[in-house]
Each structure stands twice: as structure tokens, then as C-alpha cells.
Amino acid sequence: MAETKPAARAAGSCPICGRPSTEHYRPFCSRRCADVDLSRWLRGTYAIADTDEDDAAGKAPPREPEPE
Ligand SMILES: [Zn+2]
């Protein structure tokens, strides 16, 4: 496969989030980012993986109305 990634992997930064990569998950910084990249390959297109943080903000359960 011909990858067109910037010649910056030598620097050791995660191609997903840009954080410093770790030896165990390089060139990624964590297993999560490695999984995200894998998902891209499997789907062929960019797919939103697990965004728990953002998802929680959009699907937060409605607050119960306070008694007046
Ligand atoms: Zn990362």
C-alpha cells in the first residue's frame, strides 16, 4: 500500500492525535489511536470511532425538573 503520510513518523508523533508515540503502540500513542487507524483501514474511509467524551455531551439524559 502506498501511504502518503508526512515524513514526520521519525519524530515519533501519533498520526491520529499528534501526541508523542509510545514504543509499545508506535507509531501511535495508545491502543485507542491504533484501533482508530485500524478502523480506517478496514472501512476504507474515515469513521468516527469511540468518542465517548463528545458523545456524552450530545446524548446526556435530560435533567429531572426540580420541584417548584
Ligand atoms: Zn494518539
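Residues are numbered from 1 along each chain as its sequence is written. In this predicted model, local features need pLDDT of at least 70, side-chain atom pairs count only at pLDDT 80 or more, totals for chains, interfaces and linings use all residues, and side-chain values use heavy atoms, with hydrogens and water left out.

**Exercise 1.** Find the protein donors of the zinc ion and name their arrangement.

*Solution.* 
- Step 1. Look for donors (N, O and S atoms within 2.8 Å of the metal, or 3.2 Å for Na, K and Ca; water is not among the atoms, so sites may look incomplete). The SG atoms of C14, C17, C29 and C33 lie 2.3 Å from the zinc ion.
- Step 2. Read the spacing along the chain: C-x2-C-x11-C-x3-C. C17 lies in the segment before α1 and C33 in helix α1, so this pair ties together parts 16 residues apart in sequence. Helices (H or I, at least four residues) are DSSP runs, numbered from the N terminus.
- Step 3. Check the angles. The 4 donor atoms subtend 100 to 118 degrees, so the arrangement is tetrahedral. That term requires all angles of four donors to lie between 85 and 135 degrees. The ideal tetrahedral angle is 109.5 degrees.

**Exercise 2.** Are C33, V36 and L42 buried or exposed?

*Solution.* 
- Step 1. Apply the cut-offs: buried is under 20% relative accessible area, exposed over 50%, partly exposed in between (1.4 Å probe, protein chains only).
- Step 2. C33 has 8%, so C33 is buried. V36 has 10%, so V36 is buried too.
- Step 3. L42 has 67%, so L42 is exposed. L42 sits in helix α1, residues 31-43.

Conventions
Helices (H or I, at least four residues) and strands (E, at least two) are DSSP runs, numbered from the N terminus. Four donors count as tetrahedral if all angles lie between 85 and 135 degrees; four count as square planar and six as octahedral if opposite donors are over 155 degrees apart and all others between 65 and 115; anything else is irregular.
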